[in-house]
Amino acid sequence: MIKTSGLGKTFKDGAEAVRGVDLSVAPGEIVGFLGPNGAGKSTTMRMLTTLLRPTAGTATVAGHDLLAEPRQVRRRIGYVAQGGGVPSFTPAKGELELQGMLYGLSRPAVAARMEEVLAALDLTGQETKAPATLSGGRRRRLDIAFALLHHPVLLFLDEPTTGLDPQSRAGLWDHIRALRADRGMTVFLTTHYLDEADALCDRVLIIDHGRIVAQGAPAELKTGGRTLDDVFLDLTGRSLREESAVQEAGA
């Protein structure tokens with residue numbers, strides 16, 4: 001579902017944000033993409049979703065070449081940004097209808113699809129309310145509803161549970177699992193919650209300084225009685241401490 005080779009991004013100021021990433025995601029997998037701030041997570045996610053053009057390497061996403069066929073990629077994927085994209089103070093129904101029609105669905109098809117997606121995410125009836133009046137968990141599920149309207153086969157989630165209470169987080173995990181179980185959805189997500197990656201993901205990829213430094217099933221990485229937090233800090237914590245020391249010295 002995702003295959004990259006030497007994927008990289010160097011910005012015009014010379015900053016090398018992503019340095020030759022090789023990764024593979026199989027159909028139906030839930031894969032977590034982990035890394036400290038500044039490691040290259042967001043840049044990689046933005047490249048894979050066609051929002052940022054790579055400067056090196058190749059990638060196939062949802063069956064299409066990322067560079068040669070970006071429009072076809074966008075038709076096959078759903079993307080939920082960290083901050084969401086649903087207007088806060090107007091009923092979501094009109095925005096959902098517009099989203100569906102922008103993807104070429106007829107008005108009757110949009111109505112049927114909207115009913116299906118909202119029911120799957122336990123949001124039936126919530127589309128008539130302003131998102132600002134909904135709980136954090138419902139707002140996040142509404143963001144996902146927007147991403148699912150056009151029948152994507154691959155869903156990108158950027159820190160989907162940030163700011164949610166534990167109950168809402170657990171509920172969203174259940175909905176993500178159901179997308180895979182009921183629809184065969186492939187999910188690629190970033191998160192800073194390592195317990196979330198441990199509980200939810202089939203595999204995790206850890207990136208640091210623009211390179212993949214470890215990958216595997218959580219159980220495979222947690223050898224010797226370690227937690228996923230231990231693994232993450234072993235791989236990235238030293239560089240973080242060094243960066244922190246440099247910043248403090250220069251303060």
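Axes are lines fitted to C-alpha atoms, for helices over the stretch in contact, and the angle between two of them runs from 0 to 180 degrees between N-to-C directions. In this predicted model, helix H3 (residues 92-102) packs with helix H4 (residues 107-120) at an angle of about 120°, and their axes are 9 Å apart. Angles of 65 to 115 degrees count as roughly perpendicular and those over 145 as roughly antiparallel, so H3 is oblique to H4. The crossing of H3 past H4 is right-handed.

On the H3 side, the residues that meet H4 are Lys93, Leu96, Glu97, Gly100 and Met101; their counterparts in H4 are Arg107, Val110, Met114 and Leu118. Sorted by class, the contact of H3 with H4 comprises 5 nonpolar, 1 polar and 3 charged residues.

## Packing of H3 against H5

H3 also packs with helix H5 (residues 136-148), here at an angle of about 25° and with the axes 9 Å apart. Because angles under 35 degrees count as roughly parallel, H3 is roughly parallel to H5. This crossing is right-handed.

From H3, the contact draws on Ala92, Glu95, Leu96 and Gln99; from H5, it draws on Leu142, Ala145 and Phe146. These residues divide into 5 nonpolar, 1 polar and 1 charged. Leu96 takes part in the contact with H5 and is also among the H3 residues that meet H4.

## Packing of H5 against H6

H5 packs in turn with helix H6 (residues 166-183), at an angle of about 20° and with an axis separation of 9 Å. The two helices are therefore roughly parallel to each other, and their crossing is right-handed.

H5 contributes Gly137, Arg140, Arg141, Ile144 and Leu148 to this contact, while H6 contributes Ser168, Leu172, His175 and Leu179. The contact of H5 with H6 contains 4 nonpolar, 3 polar and 2 charged residues.

## Aromatic pairs

The structure holds 2 aromatic pairs. One of them joins Phe33 and Phe188 in a tilted arrangement, with 5.4 Å from centre to centre and 40° between the planes. Phe33 lies in strand S3 (residues 30-34) and Phe188 in strand S8 (residues 186-190); the pair thus links distant parts of the chain, 155 residues apart.

## Confidence of the model

The protein chain has a mean pLDDT of 89, and 93% of its residues reach 70 or more. Over residues 239-251, however, the pLDDT is below 50, and this stretch has 4 contacts in the model beyond near neighbours in sequence. Where pLDDT is low, predicted coordinates should not be read in detail.

Key. Residues are numbered from 1 along each chain as its sequence is written. This is a predicted model: local features need pLDDT of at least 70, side-chain atom pairs count only at pLDDT 80 or more; totals for chains, interfaces and linings use all residues. Side-chain values use heavy atoms; hydrogens and water are left out. Helices (H or I, at least four residues) and strands (E, at least two) are DSSP runs, numbered from the N terminus. A crossing is left-handed if the near helix is turned anticlockwise from the far one by less than a right angle, and right-handed if clockwise. Contact means heavy atoms within 4.5 Å. Ala, Val, Leu, Ile, Met, Phe, Trp, Tyr, Cys and Pro count as nonpolar, Asp, Glu, Lys and Arg as charged, and the others, Gly among them, as polar. pLDDT is the predictor's confidence in each residue, from 0 to 100. Rings of Phe, Tyr and Trp (its six-membered ring) pair if their centres lie within 6.5 Å; planes under 30 degrees apart count as stacked, over 60 as edge-to-face and the rest as tilted.
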